[in-house]
Amino acid sequence: MSMINYASREINCKIVYYGVGLGGKTTNLEHVYGKVKPETRGKLISLATENERTLFFDFLPVDLGTVRGFRTRFHLYTVPGQVYYNASRKLILKNVDGIVFVGDSQRERLEANQESMQNLYDNLQEYGYDLTRMPFVIQYNKRDLPNALPVAELQAALNPGWPVLDPAKQRVAPDPYHAGENLVDQSGTGEWIERAPHFEAVAIRGDGVFDTLKAVSKQVLKALA
Amino acid sequence: MAEPRQFAVSAEGGRELAEHLSALAAASGVRCALLVDRGGRLIESSGSADGVDLLAFASLAAADFNANEQLARLVGARGFRALVHRGDRSSVHVADVGGNAVLITLFDETAAPGMVGRLADEVVERVALTLDTMASRSASGQGTEQSLLAGAEEEIDRLFDW
């Protein structure tokens, strides 16, 4: 739930980076922290174990500028990816405005990615949120590794799309981030399908990190427009 | 595309909240009072919080309260109405506000936790009333809040031109 504060002239939004353990969620935030101007970001808070695994969450507030004279402040959170931290993960999703699912491209992590995606969907549902109706992007991280699956396989497994039931939305919508691809399209059986925008990344080098952040932040603000 | 989901703090509501919080912040030994939504976003603050990173503080306090609420449920309670963290020189009182927000009071060793708790209880009631009124307005789309970003697509696009 975005918060527009007319008294302080601020728009506050919450974005959560979700996904499997060791998938690169914290690395995304660390890269953002290292690259944005110090005056536009707050402290990076990490509640981590002694071996630097996220225990509860990471938190980074970032100012992206002003719209209509209102300062846009995005609160970026990560969740712990390890399966047994589900209670903590669910808590961080409270009042979320946008989701980045950070997928691990490695072949042997495919099943874990799928379980994490299902877990995301289920946890959101408990708050009454529908992943298919909220700002949501997918990042395929670790594209530089030799065992990375082709994006098409990852898309088929993690981003197969959801049916578009509203007739007004049943029209081709080009993917602004991938020439020649569509976010809304008709399947071979005639069914209209919508997919989440996706990005390839090597977060440890910073590749794809800001593209992902920009896309989800833009979706969040446009959802308010 | 997502359905718009937002909570608007109106200018008038913001002033009311600031007044409620300033009554608490003015108490002897209280450094500052913060109102934070359960998602960790700072709604309003009052008092002197020099040296305190309010955004980080708000985020951590909300997460802490949410986690404790789950702990309470694990032991069969509905939740904790308030939490007190006592330190050597600074202490923190966190109180639930209608399940949607928390009121955080940062106080020093000269203030008694019991006194802070009583004052916070009084403020919680007033804050809850103001928040309820604003939430009703947000939900019903009254006022100008819903249209703030209407037609601002190009401006939003320019925001990401980097």
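Two bridges join β8(A) to strand β11 (residues 192-194) of chain A, and the two run antiparallel; W162(A) faces E194(A) of β11(A) across this pairing. Helices (H or I, at least four residues) and strands (E, at least two) are DSSP runs numbered from the N terminus, and two strands pair if DSSP finds at least two bridges between them. This is a predicted model, in which local features need pLDDT of at least 70 and side-chain atom pairs count only at pLDDT 80 or more, while totals for chains, interfaces and linings use all residues. Residues are numbered from 1 along each chain as its sequence is written, and chains are lettered from A and ligands numbered from 1 in the order in which they are written.

**Sheet in chain A**
- The order β8-β11-β10-β9 describes an open sheet of four strands in chain A, with antiparallel pairing.
- β8 (162-163) and β9 (173-174) of chain A are the edge strands, each with a single partner, so one side of each has no neighbour in the sheet.

**Helix α3 of chain A**
- The 17 residues of α3(A) (residues 110-126) should span 24 Å at 1.5 Å a residue, and the end C-alpha atoms, 25 Å apart, agree with this; the expected span is 1.5 Å times one less than the number of residues.
- Just after α3(A), G128(A) takes a positive phi of about 85°.

**Contact between chains A and B**
- Chain A and chain B each give 38 residues to the contact (C-beta atoms, placed from the backbone, within 7 Å).
- On the side of chain B that touches chain A, α2(B) supplies the largest share, eight residues.
- Strand β1 (residues 2-5) of chain A runs parallel to β1(B), joined to β1(B) by four bridges, and I4(A) stands opposite A8(B).

Note on methods. Contact = placed C-beta atoms within 7 Å.
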